[in-house]
Amino acid sequence: MTNSFLGTGWSFPPTFDQAAGSVVMTSDEADIQLSLQILLATRKGERVMEPDYGCNLDDMVFEPRTTTFKTYIRETIKTAIL
């Protein structure tokens, strides 16, 4: 079974295949995983053309892990993905 509907994108960090003269691409689950890693590591406002892209998770590193805070993190990530 093929998962081609999941898409293809540039690898991250972008790398180039000199022999083929092209950008190295990732597909399917690996592409989704890289996209999520980029989203979760990006601060809001970091991308000039997409100021709402990102999560600011680094601001939450030293917060106490209460049930309320875990719910807040979950909703922050869910909102960023959607």
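Reader: Which residue has its backbone oxygen 2.6 Å from a polar atom of the side chain of Thr 42?

Author: This is a predicted model: local features need pLDDT of at least 70, side-chain atom pairs count only at pLDDT 80 or more, and totals for chains, interfaces and linings use all residues. Residues are numbered from 1 along each chain as its sequence is written, and side-chain values use heavy atoms, leaving out hydrogens and water. A polar contact is a pair of N or O atoms within 3.5 Å; within protein, one must be able to donate a hydrogen and the other to accept it, and residues adjacent in sequence count only if both atoms are side-chain atoms. At 2.6 Å from the Thr 42 side chain, the backbone oxygen belongs to Ile 38.

Reader: Is Thr 42 buried or exposed?

Author: Thr 42 lies in the loop between helix H1 and helix H2 (67-81). Helices (H or I, at least four residues) and strands (E, at least two) are DSSP runs, numbered from the N terminus. Buried means under 20% relative accessible area, exposed over 50%, and partly exposed in between (1.4 Å probe, protein chains only). Thr 42 has a relative accessible area of 7%, so it is buried.

Reader: Which residues does Thr 42 touch, not counting those up to four places away in sequence?

Author: Contact means heavy atoms within 4.5 Å. By that rule, Thr 42 touches Arg 47, Tyr 53, Gly 54, Cys 55 and Asn 56.

Reader: What is phi of Asn 56, about?

Author: Asn 56 is found in the loop between H1 and H2. With 18% relative accessibility, Asn 56 counts as buried. Asn 56 is not a glycine, although its phi is positive, at about 60°.

Reader: Which helix holds Asp 28?

Author: Phi of Asp 28 is near 60°, a positive value in a residue other than glycine. Asp 28 has a relative accessible area of 23%, so it is partly exposed. The element that holds Asp 28 is helix H1.

Reader: Which helix gives the most to the nonpolar patch?

Author: Patches are made of residues with over 30% relative accessible area and no salt bridge: like charges are joined within 9 Å, nonpolar side chains (Val, Leu, Ile, Met, Phe, Trp, Tyr) within 5 Å. A salt bridge is a side-chain nitrogen of Lys or Arg within 4 Å of a carboxyl oxygen of Asp or Glu. Ile 32, Leu 36, Leu 40 and Ile 81 form the patch, with about 300 Å² of accessible area together. With three residues, the most comes from helix H1.

Reader: What is the relative accessible area of Ile 32?

Author: Ile 32 is found in helix H1. Ile 32 is partly exposed, with a value of 37%.

Reader: What is the angle between the planes of Trp 10 and Phe 16?

Author: The structure holds two aromatic pairs. Trp 10 and Phe 16 form an edge-to-face pair, 6.3 Å centre to centre, with an angle of 80°.

Reader: What angle lies between the planes of Phe 69 and Tyr 72?

Author: Rings of Phe, Tyr and Trp (its six-membered ring) pair if their centres lie within 6.5 Å; planes under 30 degrees apart count as stacked, over 60 as edge-to-face and the rest as tilted. Phe 69 and Tyr 72 both lie in helix H2, three residues apart, about one turn of the helix. Phe 69 is buried at 12%, whereas Tyr 72 is partly exposed at 47%. Their pair is tilted, 6.2 Å centre to centre, with an angle of 35°.

Reader: What is omega of the cis peptide bond from Phe 12 to Pro 13?

Author: Pro 13 lies in the loop between strand E1 (8-10) and strand E2 (16-17). The bond from Phe 12 to Pro 13 is cis, with omega near -5°.

Notes:
Accessible areas come from the Shrake-Rupley method with a 1.4 Å probe; for residues, only the protein chains shown count as cover.
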